[in-house]
Amino acid sequence: MGLRQLRYFIAIIEHGGFSRAASELGRTQQALSKAMHALEEELGVRLLDRNSQVASPTAFGKLLLEHGRAIESEARSFRTKLSQ
């Protein structure tokens, strides 16, 4: 699992879907979809319930979201310390 995939996953949840997350991240919806498919394949679980309106986390997705936000926070903190 890469940090980019984790950022994409968090953005999809926070923005309520692939289209809005893609727009916010400056990526295509297809790029996010491919990244999520690869992440789900790697982890061996489904992370998102997808419907035409909203992408919501599964039980596994909720677990990843909890830990992913902590990882993303630590990564931001590290980048800040590096720049100082």
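I start with one side chain: Arg 7 is partly exposed, with a relative accessible area of 30%. Keep in mind that this is a predicted model.

Arg 7 pairs with Glu 72 in a salt bridge, and their closest N and O atoms are 3.2 Å apart. Arg 7 sits in helix α1 and Glu 72 in helix α4, so the bridge ties together parts 65 residues apart in sequence. Glu 72 is buried, at 11% relative accessible area. The pair also belongs to a network of salt bridges that links Arg 7, Glu 72, Arg 76 and Arg 79.

The structure has six salt bridges. Another one joins Arg 69 and Glu 14, at 3.4 Å from N to O. Here Arg 69 is in α4 and Glu 14 in α1, so this pair ties together parts that are 55 residues apart in sequence. Arg 69 counts as partly exposed, at 39% relative accessibility. Arg 46 and Asp 49 also meet in a salt bridge, at 2.3 Å from N to O. Asp 49 is partly exposed, at 31%.

Next, helix α3. This helix runs over residues 29-43, 15 residues in total, and reaches 21 Å from its first C-alpha to its last, close to the 21 Å expected. Which residues of α3 are buried? They are Leu 32, Ala 35, Met 36, Leu 39 and Glu 40.

The buried residues of α3 pack against α1, α2, β1 and α4. On the other side of the helix, Gln 30, Lys 34 and Glu 41 are exposed. Just after α3 comes Gly 44, with a positive phi of about 75 degrees.

Glu 40 is the charged name in that buried list. Its relative accessibility is 11%, so Glu 40 counts as buried. Leaving out residues up to four places away in sequence, Glu 40 touches Val 45, Arg 46, Leu 47, Leu 48 and Arg 50.

Last, the core. The largest nonpolar core has 19 residues, and those touching the most other members are Phe 9, Ile 12, Phe 18, Leu 32, Met 36 and Leu 48. Helices α1, α2, α3 and α4 each supply at least two residues, and α1 gives the largest share, seven. Beyond its neighbours within four places in sequence, Phe 9 contacts Met 36, Leu 47, Leu 48, Gly 61, Leu 64 and Leu 65.

Key:
Residues are numbered from 1 along each chain as its sequence is written. This is a predicted model: local features need pLDDT of at least 70, side-chain atom pairs count only at pLDDT 80 or more; totals for chains, interfaces and linings use all residues. Side-chain values use heavy atoms; hydrogens and water are left out. Helices (H or I, at least four residues) and strands (E, at least two) are DSSP runs, numbered from the N terminus. The expected span of a helix is 1.5 Å times one less than its number of residues. Buried means under 20% relative accessible area, exposed over 50%, partly exposed in between (1.4 Å probe, protein chains only). Contact means heavy atoms within 4.5 Å. A nonpolar core is a set of buried Ala, Val, Leu, Ile, Met, Phe, Trp, Tyr and Cys residues joined through side-chain atoms within 4.5 Å. A salt bridge is a side-chain nitrogen of Lys or Arg within 4 Å of a carboxyl oxygen of Asp or Glu.
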